[in-house]
Amino acid sequence: MASKFLVLGEVRDGSLRNVSFEAIGAAKVAADGGEVVGVLIGDSVQALGVELIQYGADRVVVVEDAKLAQYTSDGFSQALLAVIESENPDGLIIGHTSLGKDLAPKVAGKLEAGLISDVTSLEVAGGNTVFTRPIYSGKAFEKKIVTGGLVFATIRPNNIEPLQKDESRSGDVVTLSANITDLRTIIKDVVRKASEGVDLSEAKVIISGGRGVKSAEGFEPLKELAEVLGAAVGASRGACDADYCDYSLQIGQTGKVVTPDLYIACGISGAIQHLAGMSNSKVIVAINKDPEANIFNVADYGIVGDLFEVVPLLTEEFKKLKV
Ligand code: FAD
């Protein structure tokens, strides 16, 4: 049955994050021929509305306020609630990002709506939108529906295909005036700890280092390979605990969950908690000097060897391919 879905466009450093376009792709499926309405919240974000339309939104509602220049759950939830009240949708889809994980449960809770988090695919069956999400650290998948009310879903980045961008598409981008009351949280400064360059949670290629890199300097060959491949650098908790890198790079059960096209694990043993964050990657390459390392059980390609010999060789070969 055709329905109306909202999609929150997530803005970072003045640009829309890719997961916003994936969320539109998901909303198109969920709306089943109905309307998909993009939502933009921030300060001076209206100009980004056209891009949401080019990726498939039918129209866009914008809430702008100087108090929304930085994300706060307080301010954004007020803005989103105003949009929901005005649009009366059947559902809302947001990326399963730090922002989405914070905002979706807060607003869903206020509205007593159903929330399905970390969705990796969806379909319409029997008149319901059926959402699939991983459970037990990615070992199994469950299918869920919400009946009789508003449904919220957060989608895992890099899993749902966005629609092809169509620059000829047009649609209304209108501003909704919402009364954003004084915020209880004031952001004074944002200090970025994450890796420079490619965003880990949206990266198509990730080069990850474990305790096998042996030091902070040991990450250098991985960074060089990442540079050549346009990849992001990630890490196991072992590497983070040993202070070889920042915890913002941690992938796994208590770190980030990633699903790149290519994941290269260097000097990572393959503990279950690490696999929980990367085992759904499309192609996994493992480099480890221990042929019995558990990481080889999930790897599509395994290289038994010293990462300090193998990684520079890969970098040289990929450089040749780029020339
Ligand atoms: P190790 O297990 O020490 O493995 C290092 C590997 O490097 C070995 O396989 C070794 O053969 C190889 N090696 C050494 N030298 C070289 C070399 N020169 N060349 C090639 N290979 C080499 N872990 C996570 O990663 N993410 C999580 O989110 C996470 N959450 C956790 C939550 C809980 C509640 C708990 C209890 C644990 C969690 N862990 C997590 C920790 C996890 O159990 C492992 O301890 C951790 O993943 C091990 O990191 P590692 O593979 O880098 O180190």
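Predicted model: local features only at pLDDT ≥ 70, side-chain atom pairs only at ≥ 80, totals over all residues.
**Strand β1 and its partners**
- β1 runs parallel to β4, and 4 bridges join the two strands.
- Within this pairing, L8 has V39 of β4 as its bridge partner.
- β1 also runs parallel to β6, here through 3 bridges.
- In β6, the residue that stands opposite L6 is L92.

**Helix α3**
- Helix α3 spans residues 73–87, and its 15 residues reach 20 Å from the first C-alpha to the last, close to the 21 Å expected at 1.5 Å a residue.
- The helix is mostly covered, with 11 of its 15 residues buried.
- After α3 comes N88, which has a positive phi, near 45°.

**The UniProt domain and a contact across the sequence**
- An unreviewed UniProt entry places the feature "domain: Electron transfer flavoprotein alpha/beta-subunit N-terminal" at residues 5–190.
- Over residues 5–190 the chain is 26% helix and 31% strand, and its end C-alpha atoms lie 32 Å apart.
- V50 belongs to helix α2, residues 49–54.
- V50 counts as partly exposed because its relative accessibility is 42%, a value between the 20% limit for buried and the 50% limit for exposed.
- V50 and R169 are separated by 119 residues in sequence, yet their C-alpha atoms are 8.6 Å apart in space.

**The antiparallel sheet β8-β9-β10**
- In the order β8-β9-β10, 3 strands form an open sheet with antiparallel pairing.
- β8 (121–125) and β10 (140–144) are the edge strands; each has a single partner strand, so one side of each is left without a neighbour in the sheet.
- Neighbouring strands of this sheet are turned by 25° against each other on average, direction ignored.
- β8 pairs with β9 (residues 128–135) in the antiparallel sense over 5 bridges.
- E123 has V130 of β9 as its bridge partner.
- Helix α1, residues 18–31, lies across β8 and β9 and runs at about 15° to β8.

**The parallel sheet β14-β13-β15-β16-β17**
- A second open sheet, with parallel pairing, has 5 strands in the order β14-β13-β15-β16-β17.
- Its edge strands, β14 (232–235) and β17 (301–304), each pair on one side only.
- From one strand to the next, the twist averages 20°.
- β15 (residues 262–266) and β16 (residues 283–288) pair in the parallel sense over 5 bridges.
- I264 has V285 as its bridge partner in β16.
- Helix α5 (residues 220–229) lies across β13 (205–209), β14 and β15, and runs at about 180° to β13.

- Helix α8 (residues 307–322) lies across β15, β16 and β17, at about 135° to β16.
- α8 has 16 residues and reaches 22 Å from its first C-alpha to its last, close to the 22 Å expected at 1.5 Å a residue.
- Its buried residues are L307, V310, V311 and T315.
- Seen down the axis of α8, these buried residues fall within an arc of 135°, so they line one face of the helix.
- In an α-helix there are 3.6 residues a turn, so residues three or four places apart point the same way.
- The face of α8 turned away from the buried side carries the exposed residues E309, L313 and K320.
- The buried residues of α8 are covered by elements including α5, β15, β16 and β17.

Note on methods
Residues numbered from 1 in each chain as written. Heavy atoms only, no water. Pairing = 2+ DSSP bridges. Axes fitted to C-alpha atoms, helices over the stretch in contact; angles between N-to-C directions. Contact = heavy atoms within 4.5 Å. UniProt positions renumbered as here; feature names shortened; annotations may be inferred. Expected span 1.5 Å × (residues − 1). Buried < 20%, exposed > 50% of the residue type's maximum accessible area, 1.4 Å probe, protein only. Arc of directions from axis to C-beta.
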